[in-house]
Amino acid sequence: MIKKKRWLTFMLAMVPGLGHLYLGFKKQGMQFMIGAFVCIVFIPSMPTVFPFALAALWFYQLFDALQKATWNKLAFSEHERLMYGPEGLGSPWPPFVMPPMPDYPQDDVSPAWMGGACIIAGVLLLLITVFPGLWYLLTELNIGTILLSLGLIGYGLHMLRKNTKA
């Protein structure tokens, strides 16, 4: 078990998702990064909604990363107490069977999804940089609102299809 520094988690969590990536929560860190990116991209489309959503996401992920870092520190000290405490008689292995340590689920992100997301983000960034007129045209057409509504409809259909009890 590697001890993580809380102050470094706090500093990294200033960028949404980096604190979670530092602590080993890859999937959650990427979700926060993507959420912040989406909020930033859609701010021109709905300037009254997305700045508030970005602030809420930022504060939530900051305090969540700090809470997980605190939990990680407590789990580390409990692990050391069980390994090297007086009930272990100073040996690295106690004479009794050590109870399993509770752990946060380590959710791994599929490299295929991660690679695809990086390619899509890179292509979009390249298009915006190389063709700034295209970005202006898309924002004038309110493409952000259209994409958001299509994304919400698609996600809702996905959730309905996934939930077989309904």
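**Pocket, helices and aromatic pairs**

Author: The largest pocket holds about 1,800 Å³ of space. On a 1 Å grid over the protein atoms alone, a pocket is an open set of points with protein on both sides within 12 Å along at least five of seven lines, whereas a cavity is a set where a 1.4 Å probe fits but cannot get out; lining residues have an atom within 4 Å of a point. A volume is the space filled by probe spheres set on the points, which are joined across faces, edges and corners. The model is predicted: local features need pLDDT of at least 70, side-chain atom pairs count only at pLDDT 80 or more, and totals for chains, interfaces and linings use all residues. Residues are numbered from 1 along each chain as its sequence is written, and side-chain values use heavy atoms, with hydrogens and water left out.

Reader: Which residues are the closest to the centre of the largest pocket?

Author: Among its 39 lining residues, they are Ile34, Phe37, Val38, Ala117 and Ile120.

Reader: Which helix gives the largest share of the lining?

Author: Helices (H or I, at least four residues) are DSSP runs, numbered from the N terminus. H5 gives the largest share, twelve residues. Helices H3 (26–42), H5 (111–130), H6 (132–140) and H7 (143–162) each supply at least two.

Reader: How is an aromatic pair described?

Author: Rings of Phe, Tyr and Trp (its six-membered ring) pair if their centres lie within 6.5 Å; planes under 30 degrees apart are stacked, over 60 edge-to-face, and the rest tilted. The structure holds four such pairs. One of them, Phe32 with Tyr60, is tilted, at 5.9 Å centre to centre and 55 degrees between the planes. Phe32 lies in H3 and Tyr60 in H4, so this pair ties together parts 28 residues apart in sequence. Phe59 and Phe63 form a stacked pair, at 6.4 Å and 15 degrees. Both lie in H4, four residues apart, about one turn of the helix.

Reader: Is Phe32 buried or exposed?

Author: Buried means under 20% relative accessible area, exposed over 50%, and partly exposed in between (1.4 Å probe, protein chains only). Phe32 is buried, at 8%. By contrast, Phe59 is partly exposed at 42%, and Phe63 is exposed at 52%.
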